[in-house]
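Student: I have a model open and would like to go through it with you. Could we begin with a term and then turn to the details?

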Amino acid sequence: FSISTYNKMWADAQKDIDIQLQKEREESSRPEIDLVKVFNMLATFYIKYMQIFRNLEMAHDQLIHRQKRAAIQQVLDGVIGRILEIKKEMVQLENSEFHYIDNILEDLKLLPEDIEVPIPRYFVKENLEVLQEREKLLDQILLDTGLQVQKPDKAMTIEEAVKVIQVSERARQGRCRAAFMKKIYPQDKRERPSKLQVQTGPSPDEAATCIQKVWRGYIQRKKTEKMREEEMIFLGMTLPPHLMATSISQLHAGQGNAPRGEVQEIHEEVFKVKLKEVEGLDIMKTLQDQIGQCLIECRHIIGRFPDYPTEEAGGSMAMLSERTPEEVAAELAAKREMALLKKAPKGKIEKEGKEKTKAKTPQKSGDNKEKEGWKMAPSNFLSILEEGSSQYKAVWQNRDEEGDFLQDHDPELIKEKKREEVEEEIRVQVDKVMQQKLEELRLAVDGEKTNKQKKGRKSQKKQRKPQEVNYRNGYDKNIDISLKTWTIDSLYRELVEEGLIIKAKTVNLSDYVGEYNYLGSLLHQADREPVPSPAHVRQLIALYGILPLGSQTVHEKAPLVKSLLLAGPAGVGKKMLVHAICTETGANLFDLSPSNIAGKYPGKNGLQMMLHMVLKVAKQLQPSVVWIGDTEKVFSKAVVKVEEEMNPKRLEKVLPKFLHALKAPDRVLLVGTTNRPFDANPKAFCKVYQKIILIPRPDYTSRFGKYFNQVLWKHIILQNGGIITNLLDISCLAKLSDGFTQGCMIQAVQDVLSELRLLQMTKKPLRTEEFITFLARQDPVYQEEEKTFK
């Protein structure tokens, strides 16, 4: 693929966005009564946006131009957010997290793989250095505390070990033979009669012919290579020798995205300095003239010079906003009215307020008319998509890039971007100068004296009043003040040493193997609720866990999901999915499982201090995942006597406060895992966990899937070093493993494929009956347990 291919991919995605925006405007303008039609429309939008998402992600990852990547990322965040909004609408319509849209996929001639949620690679790539440093710090702390053993050097494979032994053994035999020959050589020399041994060889003519043959072949090959090079230069396929040196240096300079990005940052700083030198004086003079003119116009209207806006209010920016002098006068009049209202008695204000609310309340008939039919909820991301579309049309659509071979950066765009920063820096300097001039004008024209010293004293008093520590959400003030002296690094080290921050395993979401349920729509039409498939689980984990944690814009504006519960039998991959969320987003993993926090930070104050430290570190080093394993024990109806010392219910009352402390900008997700959710108190349980995802055992399609790549048995056997031949019947294994979880299959495969069995693989291929024996020793998921989960 070339750069033009990805540019075309971006252009096609922008066209599809324009089409979708037009359709959404048409659909949002009229209410719809038929809910089936509404769901089909939403499902179609979901599929279309998912295709756009896939193309934009590919273009963003492969393009090198930094400014193009920034423009694509803005639109990409908008598309992700819109997908999450549509998903919320679909869940509200069907009252289910799992949707079966096979018929719509069939109409659009698409495969289920086309709605697989892609994971944007920039989630980790953009923060790679920070994540690597954090991982090194975590490893070092774990090594210092003895919680992690130093990893041994990489073990050699069997082939490498055999080669080393062979080399050493052959060397030993060579040395022994040389010593032996050295001893017997003088004896043989004495015993044999001295005879002149004439070595015979080829004649001089034959030797000359052989040399000529080799030399002529070498010369001919050189001539052929030279002719080929001249032909490629003539055709324009390669560069001439005098230009080849520069092209090689350019190639080395542009091998990776990271060095190119560093160069662009240097260029941006250079452009900023040059702009300040060239345009700085003109910008300063223009701002001073505008502010002076504004002050004079305000004095003509209100009879006195206005107060200069403070730095918190925006300074001169607030004064020079796009407002006419009449609007400024109206605003000042409104401020005077508010000041008079504050002085008026409260009873009078309450009566006036009630009269106004009575006049504004609409009649009931109007409300009923508005409730008729379904209408699309307002979106926070359509404006982002429209802005991105207009920016693409204005800047990138008709851009001539024939001369831009490097595809690195655009100087003019950098100048426009840095010009705003330069103006803002100069504006701060101008505000200080104009404030002083305003005081001089007031003294000279109006005879007003400044109360600078009094104001300064008042401001100092005011600064002392508010507390330095922001206290909220039920945490103890003393705890907050005591932790204020701790740095984030020291808190991080404390949590690691106590085992509350653990190292996430490197697992991708794609490693959770499983196929799509192809009979979902038929079962749904027959009033039978289908069992969710692994593909559905992957989608929900990506939508509710990975995408919001990976993007700050998406997390702030999309429907907020603070907590997620993964429920399913033991061995279906719940912990694996938690680690996958951390791997795909680079998130920290906090372990607050009852078994892990038992005996740590005892007492009420200790518990509050622990949660406060977790909350502080999680917010500062976001994204973060707070995991509670066996979470049903926290909300259990009755504690088992064996677990009374562990006190698993100590988190029950403080978890709602913990979630209340999480706001939209905080990329922190609470994830609970349980294999017995029915043991918990439903009211408190469902109050904490906002989304509940059922993870069932894999179906036959996921276990076998002859015509698809996501085959569970095949994947596990190959991952553990096995070789699949015709003697191994995967279909038979998939049929016989009905009722068993992924964990049971992994355990059976690992039991079969021991080190000795792997050595015998070439001579003794794998057979089906080997796995059946070990699989029979595992405990399956019984029907009674499945019914309880449903």
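Tutor: Buried means under 20% relative accessible area, exposed over 50%, and partly exposed in between, with a 1.4 Å probe and protein chains only. By that definition Lys109 is exposed, with a relative accessible area of 77%. This is a predicted model: local features need pLDDT of at least 70, side-chain atom pairs count only at pLDDT 80 or more, and totals for chains, interfaces and linings use all residues. Residues are numbered from 1 along each chain as its sequence is written, and side-chain values use heavy atoms, with hydrogens and water left out.

Student: Where does Lys109 lie, and what is its phi?

Tutor: Lys109 lies in the loop between α4 (102–107) and α5 (122–125). Its phi is near 55°, a positive value in a residue other than glycine. Helices (H or I, at least four residues) and strands (E, at least two) are DSSP runs, numbered from the N terminus.

Student: And Tyr601, buried or exposed?

Tutor: Tyr601 is buried, with a relative accessible area of 14%. Its phi is near 50°, also a positive value in a residue other than glycine, and Tyr601 is found in the loop between α24 (594–597) and α25.

Student: Moving to the overall picture, how many helices and strands are there?

Tutor: The protein has 34 helices and six strands. Of its 790 residues, 37% count as buried.

Student: What is the strand order in the sheet?

Tutor: The open sheet of six strands has the order β1-β3-β4-β5-β2-β6, with mixed pairing; two strands pair if DSSP finds at least two bridges between them. The edges are β1 (501–502) and β6 (691–694), each with a single partner strand, so one side of each is left without a neighbour in the sheet.

Student: Which helix packs on the sheet?

Tutor: Helix α23 (residues 574–585) does, touching β2, β3 (588–591), β4 (624–629) and β5. The direction of α23 makes about 170° with that of β4. Axes are lines fitted to C-alpha atoms, for helices over the stretch in contact, and angles run from 0 to 180 degrees between N-to-C directions. Contact means heavy atoms within 4.5 Å.

Student: Why is β4 described as largely enclosed?

Tutor: Six of the six residues of β4 are buried, so the strand is largely enclosed by the rest of the structure. Ser624, Val626 and Ile628 point one way, while Val625, Trp627 and Gly629 point the other way.

Student: How does β4 pair with β3 and β5?

Tutor: Four bridges join β3 to β4, which run parallel, and Asp591 stands opposite Trp627 in β4. β4 and β5 pair in the parallel sense over six bridges, with Leu670 of β5 as the bridge partner of Val626.

Student: Changing topic, how do α2 and α3 cross?

Tutor: The axes of helix α2 (residues 35–62) and helix α3 (residues 66–94) come within 9 Å and cross at roughly 155°. The two helices are therefore roughly antiparallel to each other; angles under 35 degrees count as roughly parallel, over 145 as roughly antiparallel, 65 to 115 as roughly perpendicular and the rest as oblique.

Student: And what about α3 with α15?

Tutor: The axes of α3 and helix α15 (residues 382–396) come within 8 Å and cross at roughly 155°. Residues making the contact include Ala71 and Val75 of α3 and Leu385 and Trp396 of α15.
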